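Work through the exercises below with the sequence and the model open beside you. Try each task before reading its solution.

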Amino acid sequence: MLTPALLLSLTLAQSTPASDAVLEYSAPLAEAGAPAPEDFEFTAFTAGQQVYLGVDEANLRASAAADAGVVKTLMLGTPVRVLKAGTRARVGEYVNTWYQVAVVDAKAAPGSAPVSGWVFGNTLTPFRFEADLDGDGEMEVATVVMSNEFKARVRVLEPNVKPPRRVSSVDVAVASTNYGSGQGGPVKVTLVPAKQAGVTLLQLDSTPERCGDYVTSYVSYTGSNGKPGVLGKAKLALELGGLMDPPNMSSFEVSFQPAAKRALVVRTSEEEAEEEGEPRKVTEREVYQWKDGVFAQAKPVAKP
């Protein structure tokens, strides 16, 4: 018989981010020093929304202050429900909002009040994935937050490895919200299953709503050699960039051959026509072979 706590636990494990979920952290380039706090743009979470702790660990505090008393220490992947948003502040190298949250605890006694407190917004994320990322038969937990260097930071937790060394991370570039005059931007994250790509991947799409560049990246987690309870390594497996700046455009399409563990990339570029001629359009095909956690571009076969 499934108890309410077990049902909730299964729901959390199987939950996937909303299709419109996005994480953003950006600011304009400053001529000197850091941008002013009011110039930062970042994802705002709303009351009632469930999000997750996206960093190795963070303190749940009694009030909205970095030196407030610690209510509880939360671990990576912990689900919390937003109660209300506080004020914008600068904490360390980050600018974000304080949030009052309630910890979603599947093991809590029925009818008991949830543990609540305050956490800073840079530690929270709408992206949490639970999957066997390295093929060792055990489920890992992956999250994505934005770093203080305006990159997307992917973390992978091995729950059965003892702390402190049970998290591997890698930073991934994002396209700037302000093309040519800013740093940081938005990212959406999806899970690519092994049956589609030959290996399980996290796909990060950074496509700002403006003309300019955009980026798609794939992150892998390997290195345990199929041995459970061993910390692997998160890697940037493949990064592709495009441009939407009419009349100049560059796009790409990715498909996978899962049995061969290959990625096929078709790139199409268009350049402004000279005088009144047709735009110049070029299509190129590239093959990437999986090896040691990354897709390396295969050399074209020499023609006889």
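**Exercise 1. Describe the chain as a whole: its surface, its burial and its overall dimensions.**

Solution. 
- Step 1. The accessible surface of the chain is about 16,300 Å², and 51% of this belongs to carbon and sulfur atoms. The model is a predicted one.
- Step 2. Of the 304 residues, 41% count as buried.
- Step 3. The C-alpha trace spans about 70 × 50 × 30 Å along its principal axes.
- Step 4. A compact globule with 304 residues would have a radius of gyration near 19 Å; the chain has 21 Å, so the two agree.
- Step 5. The chain has 2 helices and 21 strands.
- Step 6. Among contacts with a separation of 6 or more, 51% join residues 24 or more positions apart.

**Exercise 2. Find the order of the strands in the open sheet of 10 strands, and then examine the hairpin formed by β20 and β21.**

Solution. 
- Step 1. The order is β2-β1-β14-β15-β16-β17-β18-β19-β20-β21, with antiparallel pairing.
- Step 2. The edge strands are β2 (41–42) and β21, each of which pairs on one side only.
- Step 3. Strand β20 covers residues 280–291 and strand β21 covers residues 294–297; they pair in the antiparallel sense over 4 bridges.
- Step 4. In one of these pairings, glutamine 289 has alanine 296 in β21 as its bridge partner.
- Step 5. The hairpin has 2 residues between its strands, and aspartate 292 in the turn has a positive phi of about 55 degrees.
- Step 6. As background, strands of a sheet pair through backbone hydrogen bonds.

**Exercise 3. Which kind of aromatic pair do tyrosine 218 and phenylalanine 256 form, and which parts of the chain does the pair tie together?**

Solution. 
- Step 1. A search of the whole structure finds 10 aromatic pairs.
- Step 2. In the pair of tyrosine 218 and phenylalanine 256, the centres are 5.6 Å apart and the planes are at 85 degrees. An angle over 60 degrees counts as edge-to-face, and the pair is of that kind.
- Step 3. Tyrosine 218 is in strand β16 (residues 212–222) and phenylalanine 256 is in strand β18 (residues 248–257), so the pair ties together parts 38 residues apart in sequence.
- Step 4. Both tyrosine 218 and phenylalanine 256 are buried.

**Exercise 4. Is threonine 125 buried or exposed, and what does its side chain reach?**

Solution. 
- Step 1. Threonine 125 belongs to strand β9 (residues 124–125).
- Step 2. Its relative accessible area is 0%, so threonine 125 is buried.
- Step 3. The side chain of threonine 125 reaches the backbone nitrogen of phenylalanine 127 at 3.0 Å. A polar atom of that side chain also lies 2.5 Å from the backbone oxygen of valine 144.
- Step 4. Leaving aside neighbours within four places in sequence, the contacts of threonine 125 include Leu23, Phe45, Tyr52 and Val145.

**Exercise 5. Compare the setting of aspartate 136 with that of asparagine 160.**

Solution. 
- Step 1. Aspartate 136 is in the loop between β10 (128–131) and β11 (140–146), while asparagine 160 is in the loop between β12 (152–157) and β13 (167–172).
- Step 2. Aspartate 136 has a relative accessible area of 8% and is therefore buried. Asparagine 160 has 53% and therefore counts as exposed.
- Step 3. Glutamate 138 is a partner of both. Its backbone nitrogen lies 2.9 Å from a polar atom of the side chain of aspartate 136, and its side chain makes a polar contact with the side chain of asparagine 160 (3.3 Å).
- Step 4. Proline 228 is among the residues that aspartate 136 touches.

Methods. Residues are numbered from 1 along each chain as its sequence is written. This is a predicted model: local features need pLDDT of at least 70, side-chain atom pairs count only at pLDDT 80 or more; totals for chains, interfaces and linings use all residues. Side-chain values use heavy atoms; hydrogens and water are left out. Buried means under 20% relative accessible area, exposed over 50%, partly exposed in between (1.4 Å probe, protein chains only). A polar contact is a pair of N or O atoms within 3.5 Å; within protein, one must be able to donate a hydrogen and the other to accept it, and residues adjacent in sequence count only if both atoms are side-chain atoms. Two strands pair if DSSP finds at least two bridges between them. Rings of Phe, Tyr and Trp (its six-membered ring) pair if their centres lie within 6.5 Å; planes under 30 degrees apart count as stacked, over 60 as edge-to-face and the rest as tilted. Contact means heavy atoms within 4.5 Å. The radius of gyration is taken over C-alpha atoms; the globule rule is 2.2 Å times the number of residues to the power 0.38. Accessible areas come from the Shrake-Rupley method with a 1.4 Å probe; for residues, only the protein chains shown count as cover.
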